Structures are given as structure tokens and as C-alpha cells.
Amino acid sequence: MKQPAALPLLSADVGQTEDGPPWVIEFRKVPHWLVTGATQSGKSSLLAALVRSLSSQPVALVGIDCKGGMELGLFGRRFSKLAIDRKRAIVVLASMVEEIEHRMRVCRAAGARSIWELPEGRRPTPIVVIVDELAELYLNDGSRESREEAEQCATLLLRLAQLGAALGVHLVAAGQRVGSDLGPRVTALRAQLGGRIAHRAHDEASAEMTLGDLNPDAVVIAQTISEEEQGVAVVTTGGRWTRARSHMISTADVAEISAIPGPPYPFLSVLDTAPEKGETVT
Ligand SMILES: Nc1ncnc2c1ncn2[C@@H]1O[C@H](COP(=O)(O)OP(=O)(O)O)[C@@H](O)[C@H]1O
Ligand SMILES: [Mg+2]
């Protein structure tokens, strides 16, 4: 598999910027990312480019793809865990929050403010949680069950984003639009996702929802992406914006990635750390 030059841990070469340099997503600098765009604008392809770049690194990938795992399911064993419906997504998200809380206790006991301050041998594996089709997690058909599931997803996603950064648990969420109409606490979640990637949007309001709070200029630029420019996106973390295009990942690459086993799951059991007094680690 042709891979771009080796990059530092948690840096992923996902494409090419229009100014020339590679498009690199650096999770150590910006821990969580939001990816938006109309159907067929290139969201899932970008996620594939991200998976390819991270696949050769000691990083665990956890996937949530509630349209039956059609996209992330292609990567097979490289994902340590993949939820393909909402009930399973809740279980996976809850276990991620549990993992984060465990890591907090480990850091506290060691007097560390993040996992990066722990000695290398005791540092837990970084995890990137990738959600495709975000809206599936917030679907609400009016029934009590569906409302409760949407609530649970909203709470867990927000908690993951609020607490995960220092503990090496990162979130990338992709969807068509991310307004308050999507579901509970979506704008609070968006505020935690400091990196924004907007592909061609259905309308100005959608581009505004992705970029408007961080960089109003980028909203205007996002509108210039045409239907033919699949894979092109405007990227910003609030300061400058850049136009970039993701790498296309071949079927052969996907097959190769899917054969690389990811770190084991659940993560709690593989942490090389002694529990605190009175604490039981399951
Ligand atoms: N970077 C790219 N360069 C060229 N074509 C692309 C690129 N990204 C996506 N495409 C094309 O656009 C199609 C739709 O992309 P996809 O990622 O499935 O969109 P979405 O997930 O937003 O619906 C792909 O099948 C591919 O043909
Ligand atoms: Mg898609």
C-alpha cells in the first residue's frame, strides 16, 4: 500500500491542500473534528483516507456507522470495535466514556494532567472514535424508546468530546448538517469539535452551521465548491481556512487495511496500570 511519508503519532495525511502542502489532520493539536457535506460530497471518502493514514500507527480505531456499517465495515479487523446500529452504538459510546473515566483515575494517581505525561510504558493506546452518518444517532420517531436512545447518544457523545482530549480519546463525526434541529445538545457537541471540514453543502444554512461560529469567511468559500468537486472541502480550526481535497483510497488499499488487526478491545483490560486502592477494574 502506497503510504505518504511517516508522520508523528496521531497525525494523518488525508489529502492535498490547494496551496500545495499535504492536508494533515493533527489530533494532538486539534483533538476532535466535525465533517459535513451533502450526500455524495466526499465525507465517507475522507474518513477512508483518515483510516488509511492512521492504520499503520499504534492507534485504536472505534467506528460507529449506523447505516449498517456500509462504509466503516469495509475496514474489517483494523477497527477494534464497530457499531452498526444505534443500540450497539450506545454500548460502544458508553464503554468509551468508561475508558475515559478509567484513564482519568490513572492520570490522577500518577499526578499527570494528560496521558502524554504518563511514562511511555504506562501510556494507554490512543483511540480515534469515528462516527459516520451522525444523524442516525439522533433519529426520533416520536416513540419513547427512540427518544431515550437519542438522549443517551447525545449525552455520551458530548461527554466523550468534553473529556476525551487529554485522555487520548478523539472524536471525528461526519454528517450532512449539524444544527440544533438534529437533536438534543448538538450545538454543545459542535462547540467541542474544534476542527471543521465542510464539503459541498445542500444550502448556505448547512455551511453556516459547520463553519459560521468559527470562521465566517470559510462559509463563503464553502459555497464555491461545485457538485463536480467531490472530495473538496474547506478546513478550518477557527483561524485561517484552507481548501483541500482528500486522497481517493483504492479497493486494494481497503482490502490491505482490513487485514491489519487493530489493538484489542475492550481497552480497560489491556492497560498496564495498577488500580487505585479500593477500586476494581473489570
Ligand atoms: N477526493 C475525491 N476525489 C475524487 N472523487 C471523490 C473524492 N471523494 C469522493 N469522491 C467521489 O464522490 C463519491 C461520493 O463520495 P462519498 O465519500 O461516498 O460521499 P458522502 O459520504 O458525502 O455521501 C465517491 O464515490 C467518489 O466517486
Ligand atoms: Mg457517506
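**Pockets and a helix pair**

Author: In this predicted model, the lining of the largest pocket divides into ten nonpolar, nine polar and six charged residues.

Reader: Which helix gives the largest share of the lining of the largest pocket?

Author: The largest pocket holds about 550 Å³ of space. Its lining has 25 residues, and G42, K43, S44, S45 and E71 are the closest to its centre. The largest share of this lining is five residues, and they come from helix α1 (residues 43–55).

Reader: What is the volume of the second largest pocket, and which strand supplies the largest share of its lining?

Author: The second largest pocket has a volume of about 400 Å³. Among the 17 residues that line this pocket, W23, V24, V235, T237 and T242 are the closest to its centre. At least two lining residues come from each of β2 (22–26), β9 (232–236) and β10 (241–246). The largest share, four residues, comes from β2.

Reader: Are helices α2 and α3 roughly parallel or roughly antiparallel?

Author: Helix α2 (residues 86–110) packs with helix α3 (residues 144–164) at an angle of about 30°, and their axes are 9 Å apart. Angles under 35 degrees count as roughly parallel. Therefore α2 and α3 are roughly parallel.

Reader: Is the crossing of α2 and α3 left-handed or right-handed?

Author: The two helices meet through residues including I90, L93 and V97 in α2 and L156, L160 and L163 in α3. By class, their contact has 13 nonpolar, three polar and six charged residues. Where α2 passes α3, the crossing is left-handed.

How values were computed
Residues are numbered from 1 along each chain as its sequence is written. Chains are lettered from A and ligands numbered from 1 in the order in which they are written. This is a predicted model: local features need pLDDT of at least 70, side-chain atom pairs count only at pLDDT 80 or more; totals for chains, interfaces and linings use all residues. Side-chain values use heavy atoms; hydrogens and water are left out. Axes are lines fitted to C-alpha atoms, for helices over the stretch in contact, and angles run from 0 to 180 degrees between N-to-C directions. Angles under 35 degrees count as roughly parallel, over 145 as roughly antiparallel, 65 to 115 as roughly perpendicular and the rest as oblique. A crossing is left-handed if the near helix is turned anticlockwise from the far one by less than a right angle, and right-handed if clockwise. Contact means heavy atoms within 4.5 Å. Ala, Val, Leu, Ile, Met, Phe, Trp, Tyr, Cys and Pro count as nonpolar, Asp, Glu, Lys and Arg as charged, and the others, Gly among them, as polar. On a 1 Å grid over the protein atoms alone, a cavity is a set of points where a 1.4 Å probe fits but cannot get out, and a pocket is an open set with protein on both sides within 12 Å along at least five of seven lines; lining residues have an atom within 4 Å of a point. Grid points are joined across faces, edges and corners, and a volume is the space filled by probe spheres set on the points.
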